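The sequence and the structure are shown first, and the text should be read beside them.

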Amino acid sequence: HNGDLELAKKTIDAAVEAGADAVKFQNYRTEDFISNRNLTYEYFSQGRRVIEAQYDMFKRCELTPEFLQGLKEYCDLRGIGFHSTPTSKAGIDNLVRLGSPLLKNGSDYLTNLPLITYMGQTGLPTVLSTGMATLAEIDDAVRAFRATGNNQLILLHCTSAYPTPEEEVHLRKIPTLEAAFGCLVGFSDHTKGCIAAVGAVALGACWLEKHFTLDKNLPGPDHRFSADPFELKALVEAIRSIEKNLGTAGVGPTATELENRQSFRLSCVAAHELPIGHRLVNSDISFRRPGTGLPPKAQDWLVDRTLKRGVASGHIFQPEDFE
């Protein structure tokens, strides 16, 4: 949104049109995490390399409480979920006052255990990103949150690289985190495109976060690799599709397969014309569609049985055919 309320509202509109469930903002205060104004950040924007002070970069997009309230009200008006990433207890309190349904903690703040504890004490569901983290650091954060008695936790697998190269995505961490911490796991996606997101959902991710912009050519560090409206819509559609494709883990025929079983499966049939009183041998039996008779596994049962009536070639054997 680049600190522009009208641009932020247009971005919300585009997210609604794309079918997103929610939008997330950042209600940070730059002074919460930057005191050295000589720290710089290098990024590419509008086709050129930019090096600027981190303080200036963040301060430019900092949201006032009034700005944040306007976003929350507009999200409510458009019927899309709202949440945000705070960087202080005051920021958390502001979100609680606004009625935010959940809280989000960024990867850079994963080791800020006092703030994570304060999030847990709100009683709100909380999403913790795990970029740059060791397993021990994630464990510290999870323990701090759960010590408050709040178990409404989602961990996001995340690679803090912008954009993230394919070989550094490591989607297999998703089931690892789920097994290690016994909680829901999602994916904060910093890659280009939607392949990683779809793969994450296939591996069990229940929450998908993606940087989003109206125009990749807008000035700033994130627009270049963010999804534009067309890409976000394609991503949402792909995720909805993979959700349907995942189905259930239970093994058994689907409703459509139940209809097709009789047509597609094989039955034991007479390999040639057989007279009454004939005792079956293996060469008398073939396997043919449809599957309305005895299945191929019944061949051993049929051998040495005596026909009580003659049958034509291709006759589908039934138990009542035999003495």
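Helix H8 is followed by Gly-204, whose phi is positive, near 110°. The model discussed here is a predicted one. Within helix H8, which covers residues 195-202, the buried residues are Ala-196, Ala-197, Val-198, Ala-200 and Val-201. The cover over these buried residues of H8 includes helix H7, strand S8 (184-189), strand S9 (208-210) and helix H9.

**Backbone features in loops**

As background, most residues other than glycine have a negative phi, and most peptide bonds are trans. Which residue between strands S2 and S3 is to be considered here? Gln-46 is placed in the loop between strand S2 (40-45) and strand S3 (48-53). The phi of Gln-46 is near 55°, a positive value in a residue other than glycine.

Is Met-132 buried or exposed? Met-132 has a relative accessible area of 61%, and the limit for the exposed class is over 50%, so Met-132 is exposed.

The bond from Tyr-162 to Pro-163 is cis, with omega near -5°. Pro-163 lies in the loop between strand S7 (153-158) and helix H7 (173-181). A cis peptide bond also joins Arg-289 and Pro-290, where omega is about -5°. Pro-290 is found in the loop between strand S11 (285-288) and helix H11.

The loop between S7 and H7 is also the place of Pro-165. Pro-165 is partly exposed, with a relative accessible area of 30%. The C-alpha atoms of Pro-165 and Lys-192 are separated by 8.5 Å, and these residues are 27 residues apart along the chain.

**Helices in contact**

Two packed helices are described by the angle between their axes and the distance between the axes. The table applies this description to two pairs.

| Helix pair | Axes come within | Crossing angle |
|---|---|---|
| H1 (residues 5-18) and H9 (residues 229-246) | 8 Å | roughly 35° |
| H3 (residues 65-78) and H4 (residues 89-98) | 11 Å | roughly 35° |

H1 passes H9 in a right-handed crossing. On the side of H1 the contact is made by Ala-14, Ala-15, Glu-17 and Ala-18, and on the side of H9 by Pro-229, Leu-232, Lys-233 and Val-236. By class, the residues of this contact of H1 with H9 are six nonpolar, no polar and two charged.

H3 passes H4 in a right-handed crossing as well. Which residues of H3 and H4 meet? From H3 they are Pro-65, Leu-68, Gln-69 and Lys-72, and from H4 they are Asn-94, Leu-95 and Leu-98. The contact of H3 with H4 has four nonpolar, two polar and one charged residues.

**Aromatic rings**

How many aromatic pairs does a search of the whole structure find? The search finds eight aromatic pairs. One of them is formed by Tyr-28 and Phe-33, which are edge-to-face, with 5.7 Å from centre to centre and 75° between the planes. Tyr-28 has a relative accessibility of 8%, which is under the 20% limit, and Tyr-28 therefore counts as buried. Phe-33, by contrast, is partly exposed, with a relative accessible area of 27%.

In another pair, the ring centres of Trp-301 and Phe-322 are 6.2 Å apart. Their planes stand at 90°, which is over the 60 degrees required, so this pair is edge-to-face. The pair links distant parts of the chain, since Trp-301 is in helix H11 (residues 299-302) and Phe-322 is in the segment after H11, 21 residues apart. Trp-301 counts as partly exposed at 37% relative accessibility, whereas Phe-322 is buried, with a relative accessible area of 5%.

Ring pairs also link Tyr-28, Phe-33 and Phe-58 into a cluster. A ring can be approached by a charge too: the charged end of Arg-37 sits over the ring of Tyr-55, 3.9 Å from the ring centre.

Note on methods:
Residues are numbered from 1 along each chain as its sequence is written. This is a predicted model: local features need pLDDT of at least 70, side-chain atom pairs count only at pLDDT 80 or more; totals for chains, interfaces and linings use all residues. Side-chain values use heavy atoms; hydrogens and water are left out. Rings of Phe, Tyr and Trp (its six-membered ring) pair if their centres lie within 6.5 Å; planes under 30 degrees apart count as stacked, over 60 as edge-to-face and the rest as tilted. Buried means under 20% relative accessible area, exposed over 50%, partly exposed in between (1.4 Å probe, protein chains only). Helices (H or I, at least four residues) and strands (E, at least two) are DSSP runs, numbered from the N terminus. A charge sits over a ring if NZ of Lys or CZ of Arg is within 6 Å of the ring centre and within 35 degrees of the ring normal. Axes are lines fitted to C-alpha atoms, for helices over the stretch in contact, and angles run from 0 to 180 degrees between N-to-C directions. A crossing is left-handed if the near helix is turned anticlockwise from the far one by less than a right angle, and right-handed if clockwise. Contact means heavy atoms within 4.5 Å. Ala, Val, Leu, Ile, Met, Phe, Trp, Tyr, Cys and Pro count as nonpolar, Asp, Glu, Lys and Arg as charged, and the others, Gly among them, as polar.
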